[in-house]
Amino acid sequence: MKSKINIVIVGGGACSLMLGCELNPSIFNVSVYDANVAVGRKFLVAGAGGLNITHSKKPNEFIEMYTPNKFLIDAFNSFNNIDLQHWLKNKLNISTYVGTSGKVFPTKEIKPIEVLNAFINKSKLNNVNFHNKHTWLGFKKNALLFKKENTEVLIEADVVIFCLGGASWPVTGSNGVWLNNFTEHKIETLTFEASNCSVEIKWPTDLINLIEGKHLKNCSFKVNEKTIKGEVVITKFGLEGNGIYGLSTLIREGLKKNNFCDLFIDFKPQQSKEFVIKKLNESKYNNQTKKLSEILKLSTVQIHLIKHFLTKEDFLNNEILAHKIKHFHLSISSFGSIEDAISTVGGISLKEINKYFEFKKLPNHFAIGEMLNYDAPTGGYLLQSCFSMAYFLSSHLNAKHLEK
Ligand SMILES: Cc1cc2nc3c(=O)[nH]c(=O)nc-3n(C[C@H](O)[C@H](O)[C@H](O)COP(=O)(O)OP(=O)(O)OC[C@H]3O[C@@H](n4cnc5c(N)ncnc54)[C@H](O)[C@@H]3O)c2cc1C
């Protein structure tokens with residue numbers, strides 16, 4: 001009888017949960033090593049605001065959500081957002097539903113911890129061994145060096161799959177400290193940077209006192225030529241919410257180039273500027289503020305913002321006022337902290353891996369998930385990419401080693 005191939009998975013997050021379910025147990029002995037006291041901590045954090053597991057966007061539009069996306073096309077085509085929903089139902093008995101804005105969640109009665117446990121239980125049925133409190137420190141000859149409490153442990157494997165995650169929410173164990181572990185193999189890495197996070201706006205004190213904690217809803221948000229619809233909450237620091245998360249890549253580029261980034265908000269995205277001017281001109285009210293609230297249905301916070309950034313004279317000019325409503329400008333001066341970000345970019349350069357996510361300089365060593373340098377907005381795209389990569393890699397390894 002052929003002996004089994006030993007696979008070590010380093011990092012026990014979303015990617016490794018899928019690998020544990022999909023790697024063929026008749027070919028592989030699979031062990032997962034994680035630094036934290038338990039696996040899937042970030043998966044649970046993601047579930048705290050509702051576990052948005054994927055999105056219902058059409059597959060051909062879905063792949064456009066990643067920057068860059070070429071490296072992901074084969075993986076996504078082998079296991080797309082529709083496949084994931086069928087897989088969850090058939091393999092884990094987790095039903096899903098499409099919520100607002102097309103986001104996909106496990107059905108309401110299923111808690112995130114139950115989804116996590118379903119993954120873990122399925123992996124255990126496949127004889128996957130989980131080793132917690134094992135921090136990977138680097139390579140030592142042909143082995144992986146771990147620290148378990150105060151002891152160093154060397155682990156050898158036939159195949160190693162790194163699933164170390166990004167560097168936001170370090171309390172979950174995903175802290176990006178491993179970045180330098182790859183330098184001895186001359187593998188290019190990039191410093192982690194925040195994505196899908198708050199942005200700083202230097203609000204005037206008298207204005208922020210009026211608008212802190214308020215939401216801007218049903219607006220569209222634009223950086224360069226990219227516009228997205230969404231919502232943000234106004235904080236002392238600036239803005240946060242899905243209205244700006246999807247613009248992270250462009251904001252980051254703008255900040256790097258100019259130290260600031262122009263953000264334009266359209267308070268009336270359904271209506272043209274001409275229509276807004278017409279409505280203002282035709283209004284029976286003499287009071288301009290009343291026109292904004294009664295005729296254009298702008299919220300109090302939108303009116304505060306507009307008034308603050310217009311002179312009295314310009315506020316009374318319907319052309320200028322309409323322009324402000326449609327092109328409200330704010331200057332972003334920085335990103336929020338990486339610790340609070342939903343995701344990060346940076347990590348392993350995509351140049352270092354082949355189409356199966358195998359390191360070109362380290363055969364039989366693979367890297368998948370957020371530890372790779374790519375960007376995606378919130379909305380279920382991050383978890384989908386992890387599951388697609390893990391499924392695709394499992395299929396590749398299953399097929400490759402079954403042939404032998
Ligand atoms: C607040 C928040 C909300 C989110 N909401 C969503 C959402 O609704 N939908 C969505 O799609 N995505 C969401 N995400 C993002 C999503 O959770 C991540 O993109 C995803 O978990 C990444 O999976 P991964 O397997 O690459 O890494 P992770 O899940 O981060 O797992 C990496 C694992 O590696 C371990 N590790 C790290 N370093 C070492 C080391 N040196 N040695 C051993 N182990 C190590 C860590 O302990 C961790 O368990 C959210 C993230 C956050 C922070």
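This is a predicted model: local features need pLDDT of at least 70, side-chain atom pairs count only at pLDDT 80 or more; totals for chains, interfaces and linings use all residues.
Residues are numbered from 1 along each chain as its sequence is written.

The secondary structure of the protein chain consists of 15 helices and 19 strands; helices (H or I, at least four residues) and strands (E, at least two) are DSSP runs, numbered from the N terminus. The C-alpha trace spans about 90 × 40 × 35 Å along its principal axes. Of the 404 residues, 43% are buried. A residue is buried if 20 or more other C-beta atoms lie within 10 Å of its own, exposed if 12 or fewer, and partly exposed in between, with C-beta atoms placed from the backbone. Among contacts with a separation of 6 or more, 70% are between residues 24 or more positions apart; two residues are in contact if their C-beta atoms, placed from the backbone, lie within 7 Å.

The ligand has 38 residues around it, and G11, G13, G165, G173 and G369 come nearest. Two or more residues of this shell come from each of α1 (14-22), α2 (41-48), β7 (134-140) and α15 (381-403). A residue is near a molecule or strand if its C-beta atom, placed from the backbone, lies within 6 Å of it. Helix α2 gives the largest share, five residues. By type, the shell holds 20 nonpolar, 14 polar and four charged residues. Here Ala, Val, Leu, Ile, Met, Phe, Trp, Tyr, Cys and Pro count as nonpolar, Asp, Glu, Lys and Arg as charged, and the others, Gly among them, as polar.

Helix α2 also packs against another helix. The axes of α2 and α6 (residues 112-125) come within 9 Å and cross at roughly 150°, which makes α2 roughly antiparallel to α6. Axes are lines fitted to C-alpha atoms, for helices over the stretch in contact, and angles run from 0 to 180 degrees between N-to-C directions. Angles under 35 degrees count as roughly parallel, over 145 as roughly antiparallel, 65 to 115 as roughly perpendicular and the rest as oblique. In the contact, F43, L44 and G47 of α2 meet P112, I113 and L116 of α6. Five of these residues are nonpolar, one is polar and none is charged.

From α10, K273, V276, I277, L280 and N281 meet N318, E319, L321, A322, H323, I325 and K326 of α14. This contact divides into six nonpolar, three polar and three charged residues. Within α14 (residues 318-326), L321, A322, K324, I325 and K326 are buried. The buried residues of α14 pack against α10 (273-282), and also against β16 (261-266), α12 (300-308), α13 (312-315) and β17 (328-335).

Two single residues remain. P204 lies in the loop between β12 (199-201) and α7 (205-211), and is exposed because 10 other C-beta atoms lie within 10 Å. P204 and H308 are 104 residues apart in sequence and 9.2 Å apart in space, C-alpha to C-alpha. V153, in strand β9 (residues 151-155), is partly exposed, with 16 other C-beta atoms within 10 Å. Beyond its neighbours within four places in sequence, V153 is in contact with H134, F146 and K148.
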